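I opened this entry to record what I looked up, feature by feature.

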Amino acid sequence: MMGDKDFRSVVKNAIEAIEGEISIKIDAEDTKVIHLKEAVQCLRRSYYDRTDSLDVERIGFNQMISGLVQKLSYGSKSKDFAIGEINLRSQADIIADDYVILFRPADSEPDTPKAGDLLFLNACMWIYEKQEGMIVYVTGSEEESMFAVTRDKKMFEEVIRRTRILNDLLNEKKTPVLEPSTECDRCQYYQRCYITRKNAKQVTLAEMLGFTKKN
């Protein structure tokens, strides 16, 4: 019988192999190609992913659902959108008739789609020249939540703006500004953005606001 340690090692290696096959291949040196995922997520995170990356630990197979769907026969192919000399590269999960469909993991059934997922889906609708799209959230217990949306031009213009900013900052080797969000505590770069300093001098709020006199 296989020991517990060996069993866990086999499973871990299998998951890593699957991730290697389905993960987006980004050339860190090619700043003329910006992937849509990079443009819609925190730009600081995208910058660190290219310049000084850290591994992120996956939670379960539902985290891989998007990449797995893309590998199937009915999965979509990647497509570029030219922004001057920059190519914004996207890949939807499924293009079905006039719909763009994305699959995303979720801890529980969400009441509304995540902002980054909406930006991603909307950009895909413009790039693939489709009018409507759908996000399907899948939890670890196989529950599903679906949200249908129509494309919006201003949202796509925001993605184009963020693409240009990331391209400029990568070329200039400048770290993007902090973009606080509810996902920060799960980011592998959390400690680079939110540093806890030990042995710091303690001051009261009144002192900070200038309501007390210093000796």
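This is a predicted model: local features need pLDDT of at least 70, side-chain atom pairs count only at pLDDT 80 or more; totals for chains, interfaces and linings use all residues.

What follows are my notes on helices, a hairpin, salt bridges and cysteines.

**Entry 1: the model**

**Entry 2: helix α6**

I started with α6, which covers residues 153–172. This helix has 20 residues. I looked up its reach from the first C-alpha to the last and found 29 Å. That is close to the 28 Å expected at 1.5 Å a residue.

Next I checked the two ends. At the start of α6, a side-chain oxygen of Asp-152 comes to within 3.1 Å of the backbone nitrogen of Lys-154. Just after the helix, Lys-173 has a positive phi of about 55°.

Which residues of α6 are buried? I listed Phe-156, Val-159, Ile-160, Arg-162, Thr-163, Leu-166, Asn-167, Leu-169 and Leu-170. An α-helix has 3.6 residues a turn, so residues three or four places apart point the same way. I kept that in mind while reading the list.

I then asked what the buried residues of α6 pack against. Among the helices I found α2 (36–40), α3 (43–51) and α5 (115–127).

**Entry 3: helix α3**

I moved on to α3. This helix is mostly covered, with 7 of its 9 residues buried. The buried residues are Leu-43, Arg-44, Arg-45, Ser-46, Tyr-47, Tyr-48 and Arg-50. They pack against β1, α2, α6 and α7.

**Entry 4: Asp-49**

I stayed in α3 for Asp-49, which is found in that helix. Is Asp-49 buried or partly exposed? Asp-49 is partly exposed, because its relative accessible area is 32%, and buried would need under 20%.

I looked up its contacts, leaving aside neighbours within four places in sequence. Asp-49 is in contact with Gln-41, Gln-188 and Tyr-189. The side chains of Asp-49 and Tyr-189 are joined by a polar contact of 2.6 Å. I also checked Ala-28, which lies 21 residues from Asp-49 along the chain. The C-alpha atoms of Asp-49 and Ala-28 are separated by 8.2 Å.

**Entry 5: salt bridges**

How many salt bridges does the structure hold? I found 10. I wrote down several.

Arg-50 and Glu-38 meet through their side chains in a salt bridge of 2.7 Å, N to O. This pair links distant parts of the chain, with Arg-50 in helix α3 and Glu-38 in helix α2, 12 residues apart. Arg-50 counts as buried because its relative accessibility is 9%. Glu-38 is buried as well, with a relative accessible area of 3%.

The side chains of Asp-107 and Arg-186 also meet in a salt bridge, 2.5 Å from N to O. That pair links distant parts of the chain, 79 residues apart. Asp-107 is in the loop between β5 (99–106) and α5. Arg-186 is in the loop between α6 and α7 (190–193). Both Asp-107 and Arg-186 are exposed.

Arg-89 forms a salt bridge with Asp-80, and the closest N and O atoms are 2.8 Å apart. Arg-89 is partly exposed, with a relative accessible area of 28%. Asp-80 counts as partly exposed at 32% relative accessibility.

I closed this entry with a network. Salt bridges link Asp-93, Arg-104 and Asp-117 in it.

In which sense do strands β6 and β7 pair? Strand β6 (residues 132–139) and strand β7 (residues 144–150) pair in the antiparallel sense, over 7 bridges. I picked out one partner: Ile-135 is bridged to Phe-147 in β7. The hairpin has 4 residues between the strands. There, Glu-142 takes a positive phi near 70°.

**Entry 6: cysteines**

I looked for disulfides last. The structure holds 0 disulfides. For Cys-187, the nearest cysteine sulfur is that of Cys-193, 6.4 Å away. Cys-187 is in no disulfide, because a disulfide needs the two sulfur atoms within 2.5 Å.

Cys-187 is buried, with a relative accessible area of 17%. Cys-124 is buried too, at 0%.

Methods. Residues are numbered from 1 along each chain as its sequence is written. Side-chain values use heavy atoms; hydrogens and water are left out. Buried means under 20% relative accessible area, exposed over 50%, partly exposed in between (1.4 Å probe, protein chains only). Helices (H or I, at least four residues) and strands (E, at least two) are DSSP runs, numbered from the N terminus. The expected span of a helix is 1.5 Å times one less than its number of residues. Contact means heavy atoms within 4.5 Å. A polar contact is a pair of N or O atoms within 3.5 Å; within protein, one must be able to donate a hydrogen and the other to accept it, and residues adjacent in sequence count only if both atoms are side-chain atoms. A salt bridge is a side-chain nitrogen of Lys or Arg within 4 Å of a carboxyl oxygen of Asp or Glu. Two strands pair if DSSP finds at least two bridges between them.
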